[in-house]
Amino acid sequence: MAIEKHKYKQVKSLVYDDYIHPKLQQGGKMPSKQRLASKYKVNVGTLDKALQELVLEGFIEKRRGSGTYILPREYNKIAAIGIYFLVLREYDARVSSYSYRLLDMLIERLSACDLPYRYYADVRPETMLHEPLPQLTEDIANNKLAALLVVRSDCNYDDWLNVLPLPRIGFDRDFGWGTVSYDKYQSGYEAGRFLIATGCRQIELISVYDKEWESDKLAQYFMRHVRAGMTNAMLEMDLPAPKIWLTPDKYPESLEYLHYSYDDSLRGYELAKQLFTICRPDGLVVFTDVIAVGVVRAVKELGLFPGKDIKIVVLGNKEINLPELTDVIHYDLAVRDVADSMMHLINAAINHKPPETIYISRTKR
């Protein structure tokens, strides 16, 4: 069960609260593993996993033949906040504008708080992204970083970020130290409710993650949760639930060619064309803004007028202004809210507070 799978994280939090936090100034010896396992009613293996994470994070130290010790706070005085940013030069500049705006806001906030920072722009080719960034890992090994802000990364390549031995804060990525996210289920639910209220009776989802069946990681990241929210909104009104309409047997060659392309507008165009060969929805939920540009173009080529013949809700970013999308409804995510929330989690991490998840709501524009 999921609860048992993550039991060690609960134990880790308890050990931190009960023993480590009270002794961060002076340090001291921890109780034996057997005593701790008995106290928290877990087996020694679960306790060991919790302690090992605390070792990697620099709070405790295991000494052979002597026991486990809490390290004094001065051991954890590290120089700066790291900022990791994956630079994909071929990526659509309209998409990148959100990430760069978030980066600028985080730097402004770090400077205002007198927190030093180190910027790590990852400009390596895709073939090298599976490996840790050398300068970043070297600085961590030399205790030059207190925590890491992950502004932009790629979950297809960067599993190494998950195991770096320091607090890592990301947007919509949980690295074990809290995360800033938005409720994808609620986004789908609210978009569905809005479309139903405008008279729509068949609503479908178009997303940049078109090969939903191929990558469980990407599917969980977005589509399943949004579709679940849409489904509940529609079932409440006795309407048919949205389908997984793009299946392997219906995946056209044009999309296969574009699957690894960075032209999201063209992908949206091809996805919409394929959707309308399968069904004729009167409402669409689209993720994201740039893919919606292509969707709107395809819809107009079919002789339909967005906002009249078909209603479109875009789950987008407030920082991106696209004149092609004047006839759609936006549920936007404010970059300022994301930056403020990431800073809250960074301050919590460097002050040795437990991790948390902050949900950012999308607002209708």
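Let me begin with a definition: a residue is called buried under 20% relative accessible area, exposed over 50%, and partly exposed in between, using a 1.4 Å probe and protein chains only. The structure before you is a predicted model, in which local features need pLDDT of at least 70 and side-chain atom pairs count only at pLDDT 80 or more, while totals for chains, interfaces and linings use all residues. Residues are numbered from 1 along each chain as its sequence is written, and side-chain values use heavy atoms, with hydrogens and water left out.

My subject today is salt bridges. The term denotes a side-chain nitrogen of Lys or Arg within 4 Å of a carboxyl oxygen of Asp or Glu. The structure holds 15 of them.

I turn to Asp139 and Arg118, whose side chains form a salt bridge with an N to O distance of 3.4 Å. Asp139 belongs to helix α6 (residues 134–141) and Arg118 to strand β5 (residues 117–122), so the pair ties together parts that are 21 residues apart in sequence. Helices here are DSSP runs of H or I with at least four residues, strands are runs of E with at least two, and both are numbered from the N terminus. Asp139 is buried, at 2% relative accessibility, whereas Arg118 is partly exposed at 32%.

A second pair lies within helix α10 (residues 264–278): Arg267 and Asp264 are three residues apart there, about one helical turn. Their salt bridge spans 3.3 Å, N to O, and both residues are buried.

Next, Arg63 pairs with Glu61, the closest N and O atoms being 2.9 Å apart. Arg63 is partly exposed at 37%, as is Glu61 at 33%.

Finally, a network of salt bridges links Lys9, Lys12 and Glu53.
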